[in-house]
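Reader: I would like to go through the strand pairing and helix packing here. Please show me the structure.

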Amino acid sequence: MAGSNVLTVTQLTSYLQRSVRADAFLRYVSIRGEISNCKYHYTGNIYFTLKDAGSQISCVMFHDDRQSGLRFAMKDGDSVIVTGRVDIYVRNGVYQLYARSIEKAGRGALYEQYEKLKAQMQAAGLFDEAHKKPLPPYPKSIGVVTASTGAAVHDIISVSRRRNPYIQIVFCPAQVQGKGAAHSIAAGIRALDRYGVDVIIAGRGGGSFEDLWEFNEPEAVYAFYNCKTPIISATGHETDFTLGDFAADKRAPTPSAAAELAVPDIRSVLDEIREYGRRLDAAIGSRLDAYRRQTEHYRKVVHSYSPERQLDERKKRLARLKDEMEMMMTHHISDARQNLDVLGMRLDSDMDAHMTAAKNTAALYAQKLEGRSPVRALARGYAYVTDQDGRGISSIAQVEAGDRISIAVTDGDIKASVEKAEPAGKDRTDNG
């Protein structure tokens, strides 16, 4: 049964904090170790882990202490001596070393081993870019190698399903930390490579440099390198690069980021498909418009050479010529009428002149004829003698005694008979 000495978590942690603070040894202590998981915060504070082969402790160096207690740019792998006080952070219930000064003590053995392995593998060509395979743009299945109890697998599945609900996920659980983890990781990669997925994600959640060490082991690194399927390394730490990261085809800072690299967002794919559809419609429409214009051009060319077109053109030409001829005839007739009017006026004038001249000539001839007129001769006492047949008698040879003759005078005819025809004597001829 619980008694009156039951404490809350905060009470217990506060008690331990007071006990630690009461210990004079822990108020000023120097600790040797290797820097890991070093982070420079934007406030100026530095958060890091100090570790050795058997254990590790969380450390913090505040901005004010950093100004006087740190003379170099601290980074992971540095072997250092940290001087400060040990205290318990009540809210998290963990003990920390609050650093006042940090000095270099040489490089850590684990980091030196990392650099040695990196140089060997780089020389062997495990990190060459020419060996890296591109990720498939639209994978149907992905394989995942990670711990079954960690958050990494849940993050990968969640992100993948959100981006593409139809993606097939093949999970191969593996030990990712501790003894035998490198072999387990390599076996999982080889199994999924044989299974035939489109892309593989191998990794784990965040951790310290030591926590990620299994991804530096040669067996795991060679599994990344020899994998025929495109593979992504996702060790869950943005600042630390494992050797598996260098050997993989792609490196992602977190398992979630690896899922985003491997699985395209189906919404963007659908948008891309719709954009391709729009471009295809536009291209087809443009091509159809070009064909329509070309067809219309050919139709016009064929129509221009068709017999019907030729007949129509000739009919139109004949109609134009007919109109032009009618217009020309109208103009010619009008001009002719005008010319006739002018000529008529001239003829009238000329006829008047000719009539006047003719009248004058006729008058002259009349006068001459009047002077020679038989009537006038008759009036002067002359007569016109004809035989009984009406022939004029101008000689005595034309008559004989007893012939009937007719003598015309001014006021009538005298009928007579010839008694005797005598030739004219000289005296008569002279008297006329």
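Reader: In what sense do strand 1 and strand 4 pair?

Author: The model is predicted. Strand 1 covers residues 29–40, and strand 4 covers residues 78–89. Ile-31 has Val-82 of strand 4 as its bridge partner. Six bridges join strand 1 and strand 4, and the sense is antiparallel.

Reader: Which strands stand at the edges of the five-strand sheet, and why is one side of each left without a neighbour?

Author: This open sheet has parallel pairing and the order 7-6-8-9-10.

Reader: What does the twist average from one strand to the next?

Author: Take the sheet with the order 7-6-8-9-10. From one strand to the next, the twist averages 20°.

Reader: Which residue in strand 10 stands opposite Ile-232?

Author: Strand 9 (residues 231–234) pairs with strand 10 in the parallel sense, over three bridges. Opposite Ile-232 stands Lys-250.

Reader: What angle does the direction of helix 5 make with that of strand 6?

Author: Helix 5 (residues 181–195) packs on the sheet. It touches strand 6, strand 7, strand 8 and strand 9. Its direction makes an angle with that of strand 6 of about 165°.

Key
Residues are numbered from 1 along each chain as its sequence is written. This is a predicted model: local features need pLDDT of at least 70, side-chain atom pairs count only at pLDDT 80 or more; totals for chains, interfaces and linings use all residues. Side-chain values use heavy atoms; hydrogens and water are left out. Two strands pair if DSSP finds at least two bridges between them. Helices (H or I, at least four residues) and strands (E, at least two) are DSSP runs, numbered from the N terminus. Axes are lines fitted to C-alpha atoms, for helices over the stretch in contact, and angles run from 0 to 180 degrees between N-to-C directions. Contact means heavy atoms within 4.5 Å.
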